[in-house]
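The following exercises concern the architecture of one protein model. Please examine the sequence and the structure before reading the solutions.

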Amino acid sequence: MTDPAHPADPGPVPMSPAEPVADPAADPVRRWRRLVGTDTAVLLDGFHALKHAVRFGAGVPVAVTADREAALALADDLAPDVREPLAALLTEVPRATYEALVPRPHPTAVAALAVRPPREANLAALAREPRRAPVVVLDNPRNLGNAGAVIRLAAGFGATGVVTTGTLDPWHPTVVRGGAGLHFATAVERLDVEELPAGPVFALDPEGDDLRGVRLPNDAVLAFGSERAGLSAALRARADHLLALPMRPQVSSYNLATSVAMTLYHWSTTGLPSGT
């Protein structure tokens, strides 16, 4: 599940959310084992990841749980809008079987495999103009959990998408777990710096202008350096503006997800129309 390529024989796996999904109750364990590890299969780890994936139109070929009654009770309490499709998807299996299918059992004892959106669709969403919300760029991030938290934030703010540069796979299972399945609510892709979407690049850097004095346009590309090294030379060269977050003296830095949250909140309260 690293690079967006289709397997040679995808069989009945739906290749877009619009296509019908085969009956997951028909030997779900065999179906799981046939799909897991293919380039288009995305592990949804836990109830909330499955809930969000279904809510935002993901194709889900198979979903299992060790306690179907408890999972549907969660749906009744937390996600009644998707209770019916979850009831149709979830198949109960013995707990030992469930635990054998996932690398780390989730407290909700729910897991599923979803179909990764086609790269072409994500690239089209990132390139569409005029943009109504910024694109977030994580420049050579290192921490999988941080990347997932940023995707969750970006989806919550309605960002156009999240792009990573470097070697980290933004669809890694740990990133998807950290994002609570909200990869399906925004466009998530890995690109080189020279492939970034059009728009003014506002890069966060301690030497930049105070963020509070800047109004961010809706077509902004908001770039954040890696947790340890900061902005790469290539991204810094691409930047149109350097911005700094307000920070008390002698405090070294903010967590990456916190920095993204502060910047997106500032955009949400001061943003200008695209092209302004």
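**Exercise 1: The sheet**

An open sheet of 4 strands has the order β1-β4-β2-β3, with mixed pairing (two strands pair if DSSP finds at least two bridges between them; strands are DSSP runs of E with at least two residues, helices are runs of H or I with at least four, and both are numbered from the N terminus). The model is predicted: local features need pLDDT of at least 70, side-chain atom pairs count only at pLDDT 80 or more, and totals for chains, interfaces and linings use all residues. Residues are numbered from 1 along each chain as its sequence is written, and side-chain values use heavy atoms, with hydrogens and water left out.

Solution. Step 2: β2 (residues 62-65) and β4 (residues 110-115) run antiparallel and are joined by 4 bridges. Step 3: Within this pair, Val 64 stands opposite Ala 111 in β4.

**Exercise 2: Helix α10**

Task: Determine which residues of α10 are buried.

Solution. Step 1: Helix α10 spans residues 256-270, which makes 15 residues. Step 2: Its buried residues (under 20% relative accessible area, with exposed over 50% and partly exposed in between, for a 1.4 Å probe and protein chains only) are Leu 256, Ala 257, Ser 259, Val 260, Thr 263, Leu 264, His 266, Trp 267 and Thr 270. Step 3: The elements covering them include β5 (135-138), α7 (144-157), β8 (201-210) and β9 (221-224) (contact means heavy atoms within 4.5 Å).

Methods: Expected span 1.5 Å × (residues − 1).
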